[in-house]
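User: I would like to go through this model step by step and ask what stands behind the words used for it. Could you set the terms against the values as we go?

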Amino acid sequence: MKIKKKDIQSEIFTGSMADISFLLIIYFMITSAFSATRGLDFALPEDTQTPEIKQEDSIDVHVVRGGAIEVDGSGVPLEGLLPYVAEKLKQNPDKPVILRTDPDATYGDMIRVFDELRQAPSKIDMEIKTISIPTRREIENLWSMLGIQ
Amino acid sequence: MALIRGRDRKGAAQIFTASMADIVFLLIVFFVLTYKVEVDRTRMDLPDTWVRIKVPEKAAVISISPPDANPPLTIRVSTGEEMSLPVSTDEEIVTFASTEVARNPNKEFIVKADDAVPYERIDAVLDALKQSKVKFIYLLSDQKTVAE
């Protein structure tokens, strides 16, 4: 008597694959975030190469409360900042810019001015070689060294 | 004998799902490739700028929460590899930054702050970073558009 062999088909059970896949998608969607990964950069000078910048040898940009700016002591609109800087750089291309910000101004006010200065190569076709952002402590130290109260 | 008429035969309704697996795997692959752990999840309105440089991936992060957050103006620090932790004094920022600079003298730092944060706080953070001999700082921003 012949024994008939039963054909058993091998199968991989994939019924739960959809559940697992959707669970993974939901996990990634919830935990992933499209975060900002760009910004304005600036390098701080090392101790050995820190040049002392005098206010009179530089372009002094002061951001006051409310976002208005004073350049070398006079009020200038943001659009007028780079043309003024261009005039000064024509006389001395190495002239540094000191960006001071009032403690009562906002971070956004300072960033708008810093961004404008960084656009010098595209807007006025000139490069500002040094943009210095001194902290309040550094300014006070300088004033005390110069004997200014 | 009852005849089965054509209209009485009920065909089972089916949704074609064979391509679903392909789509699902495509989505999974996309998320796996683009997945990044965000070390600081403080929600804020970053300032907008035209000039934007790509920040290094493993840079340390110092975030300052918005003035209307609860609690307001909280400073959090992260090494760039671990989740951010709050700090309460400027001295703690100096300690944190000095430790990171001691490990890697060229360590980059990202300052992530809300547009409305008073500059006084930013000044304190920048001062702490300068005291710690940090060389490279990135001020995180969003892309400015013409409408703005």
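**From values to words**

Analyst: Let us start with chain A, where, among contacts between residues at least 6 apart in sequence, 69% join residues at least 24 apart. The model is a predicted one, and two residues are in contact if their C-beta atoms, placed from the backbone, lie within 7 Å.

User: Which elements does chain A have, and in what order do they run?

Analyst: Chain A has five helices and six strands, and from the N terminus on its elements follow the order α-β-β-β-β-α-β-α-α-β-α. Of its 149 residues, 18% count as buried, a word that calls for 20 or more other C-beta atoms within 10 Å of a residue's own.

User: Why are α1(A) and α1(B) called roughly parallel?

Analyst: Two packed helices are described by the angle between their axes and the distance between the axes. Helix α1 (residues 17–31) of chain A packs with α1(B) at an angle of about 30°, and their axes are 10 Å apart. Angles under 35 degrees count as roughly parallel, and α1(A) and α1(B) are therefore roughly parallel to each other. Their crossing is left-handed.

User: Which residues make that contact, and what classes do they belong to?

Analyst: From α1(A) the contact takes Met17(A), Ala18(A), Ser21(A), Phe22(A), Leu24(A), Ile25(A) and Phe28(A), while α1(B) brings Met20(B), Ala21(B), Val24(B), Phe25(B), Leu27(B), Ile28(B) and Phe31(B). By class, the contact of α1(A) with α1(B) has 13 nonpolar, one polar and no charged residues.

User: How many residues does each chain bring to the contact between the chains, and which element of chain B gives the most?

Analyst: Chain B brings 41 residues and chain A brings 37 residues. On the side of chain B that touches chain A, α1(B) gives the most, with eight residues. That side of chain B has 28 nonpolar, three polar and ten charged residues.

User: How do you know that strand β1 of chain A pairs with β2(B)?

Analyst: Two strands pair if at least two bridges are found between them, and strand β1 (residues 38–43) of chain A has two bridges with β2(B), in the antiparallel sense. Lys54(B) in β2(B) is the bridge partner of Arg38(A).

User: What makes β4 and β6 of chain A the edges of their sheet?

Analyst: In chain A, five strands form an open sheet in the order β4-β3-β2-β5-β6, with mixed pairing. β4 (74–76) and β6 (131–132) of chain A each have a single partner strand, so one side of each is left without a neighbour in the sheet.

User: How does strand β2 of chain A pair with β5(A) and with β3(A)?

Analyst: Strand β2 (residues 59–63) of chain A pairs with strand β5 (residues 97–101) of chain A in the parallel sense, over five bridges. Among the bridge partners, Asp60(A) has Ile98(A) in β5(A), and Val63(A) has Thr101(A) in β5(A). Three bridges join β2(A) to strand β3 (residues 69–71) of chain A, and these two run antiparallel. Here Val71(A) in β3(A) is the bridge partner of Val61(A). The hairpin of β2(A) and β3(A) has five residues between the strands, and Gly66(A) in this hairpin takes a positive phi near 100°.

User: Which residues of β2(A) lie on its covered face, and which on its uncovered one?

Analyst: The covered face of β2(A) holds Ile59(A), Val61(A) and Val63(A), whereas Asp60(A) and His62(A) form the uncovered one.

Key
Residues are numbered from 1 along each chain as its sequence is written. Chains are lettered from A and ligands numbered from 1 in the order in which they are written. This is a predicted model: local features need pLDDT of at least 70, side-chain atom pairs count only at pLDDT 80 or more; totals for chains, interfaces and linings use all residues. Helices (H or I, at least four residues) and strands (E, at least two) are DSSP runs, numbered from the N terminus. Ala, Val, Leu, Ile, Met, Phe, Trp, Tyr, Cys and Pro count as nonpolar, Asp, Glu, Lys and Arg as charged, and the others, Gly among them, as polar. A residue is buried if 20 or more other C-beta atoms lie within 10 Å of its own, exposed if 12 or fewer, and partly exposed in between; C-beta atoms are placed from the backbone. Axes are lines fitted to C-alpha atoms, for helices over the stretch in contact, and angles run from 0 to 180 degrees between N-to-C directions. Angles under 35 degrees count as roughly parallel, over 145 as roughly antiparallel, 65 to 115 as roughly perpendicular and the rest as oblique. A crossing is left-handed if the near helix is turned anticlockwise from the far one by less than a right angle, and right-handed if clockwise.
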